[in-house]
Amino acid sequence: MTCDRLVDRVVIVTGAASGIGRATAARLASEGAKVVASDIAADALAESVVEANAAAKESGHGGEAIAVVSDISKEADAAATVGQAIDSFAKLDAIANIAGMLRSGRTHTFGLDEWNRIISVNLTGTFLMCREALPHLMESKGSIVNSASTSSTFGHPWMGAYAASKGAIWSFTQTLAVEYCKVPVRANCIAPGSVHSGITSNVEFPPDLTEKEGKLVRRIMSPTGFGNPADVASVVAMLLSDDARHITGECIRIDGGTHA
Ligand SMILES: NC(=O)c1ccc[n+]([C@@H]2O[C@H](COP(=O)([O-])OP(=O)(O)OC[C@H]3O[C@@H](n4cnc5c(N)ncnc54)[C@H](O)[C@@H]3O)[C@@H](O)[C@H]2O)c1
């Protein structure tokens with residue numbers, strides 16, 4: 001039996017076309033949420049929405065999902081995504097900022113264009129979505145979940161831009177939690193370790209790693225094993241529900257104990 005903690009809640013999920021975002025859209029819809037699933041990848045997003053609507057139908061809690069194609073790093077797209085949520089469902093209760101990207105490489109040869117793109121998607125995109133959503137979340141006394149990473153909690157070699165963006169997302173989220181706690185709007189982070197997804201299947205380490213450096217790969221590619229996107233989606237659902245009504249400014253690691 002599935003939970004029904006999110007019946008009639010309107011939730012935006014970014015990055016919903018793949019991995020953790022896709023699983024989150026399905027999980028929230030199965031718990032009764034009206035999900036505005038957004039992503040830059042239109043075809044895969046359409047598949048996610050079919051999956052989320054099937055999950056909603058199966059659970060019978062009245063959830064549903066719609067698609068909004070959007071690049072979170074663009075101001076106009078962020079505003080349009082929130083606008084679509086309001087046009088479709090007349091309110092906004094929560095946002096799960098899951099979209100993100102990873103490029104790896106040695107820091108002393110890392111390109112400025114790649115650095116800027118990662119910061120602009122992961123960090124600026126998260127800011128833009130929060131900024132556009134907040135006026136509506138203040139009305140609904142809603143909730144935010146942002147995506148940090150274990151790379152924001154301990155050193156991940158060859159991922160300087162990604163780790164910096166995730167560390168900044170965590171700092172930004174703590175700021176939101178305190179700035180809006182009197183409304184209240186809650187703001188929390190998830191920090192996954194290694195999870196099967198597009199990001200982890202496409203990650204490339206420098207091809208010329210020495211044997212000693214190769215041992216560092218184990219540090220970041222979960223020595224305790226990979227999780228599944230659903231393992232993260234269930235935590236997002238909990239954080240957005242009233243079960244987490246007294247939790248804000250928190251970052252929850254979902255890493256199978258890698259860092260325990
Ligand atoms: N998979 C892991 O091991 C892991 C670990 C820690 C953190 N995370 C974080 O989890 C989140 C989800 O990643 P995932 O692992 O599911 O990877 P994924 O690649 O499967 O999904 C990321 C999604 O974000 C979308 N996206 C990328 N740029 C975008 C943009 N500019 N606008 C809108 N959408 C965009 C992609 O199209 C994709 O659908 C990311 O923020 C990632 O950094 C993942």
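**Notes on the predicted model and its ligand**

1. Let's start with the ligand. In this predicted model, the ligand is surrounded by 28 residues, and the closest of them are Ser18, Ile20, Asp39, Tyr162 and Ser197.

2. Ser197 puts a polar side-chain atom 2.6 Å from an oxygen atom of the ligand. For Lys166, a polar side-chain atom sits 2.8 Å from a ligand oxygen. Gly198 works through its backbone instead: one of its polar backbone atoms is 2.8 Å from an oxygen atom of the ligand. As for cover, the ligand taken alone exposes 820 Å², and the protein buries 92% of that.

3. Next, the overall build. The protein chain comes to eight helices and seven strands. Its C-alpha atoms fill a box of roughly 55 × 35 × 35 Å along the principal axes.

4. Seven strands make an open sheet, in the order 3-2-1-4-5-6-7, with parallel pairing. Strand 3 (64-69) and strand 7 (251-254) are the edges, each pairing on one side only. Going from one strand to the next, the twist averages 20°. As a reminder, strands of a sheet pair through backbone hydrogen bonds, either parallel or antiparallel.

5. Strand 5 (residues 143-147) and strand 6 (residues 186-192) run parallel and are paired over five bridges.

6. Helix 1 (residues 19-30) touches strand 1 (10-14), strand 2 (34-39), strand 3, strand 4 (94-97) and strand 6, and its direction makes about 165° with that of strand 1. Helix 3 (residues 75-89) also packs on the sheet, touching strand 1, strand 2 and strand 3; the angle between its direction and that of strand 3 is about 145°.

7. A couple of backbone details to check in your viewer. Ala90, in the loop between helix 3 and strand 4, has a positive phi of about 70° although it is not a glycine. Further along, Val183 and Pro184 are joined by a cis peptide bond, with omega about 0°. Pro184 belongs to the loop between helix 5 (160-179) and strand 6.

8. Last, Phe110. Where in the chain does Phe110 sit? Its place is in the loop between strand 4 and helix 4 (112-140). Which residues is Phe110 in contact with, leaving aside neighbours within four places in sequence? They are Arg103, Ser104, Gly105, Trp115, Ile118 and Ala161.

Technical notes. Residues numbered from 1 in each chain as written. Predicted model: local features only at pLDDT ≥ 70, side-chain atom pairs only at ≥ 80, totals over all residues. Heavy atoms only, no water. Pairing = 2+ DSSP bridges. Helix = DSSP H or I, 4+ residues; strand = E, 2+ residues; numbered from the N terminus. Axes fitted to C-alpha atoms, helices over the stretch in contact; angles between N-to-C directions. Contact = heavy atoms within 4.5 Å. Near = heavy atom within 4 Å. Polar contact = N/O pair within 3.5 Å; in protein donor to acceptor, adjacent residues only side chain to side chain. Areas by Shrake-Rupley, 256 points an atom, 1.4 Å probe, with all protein chains shown as cover.
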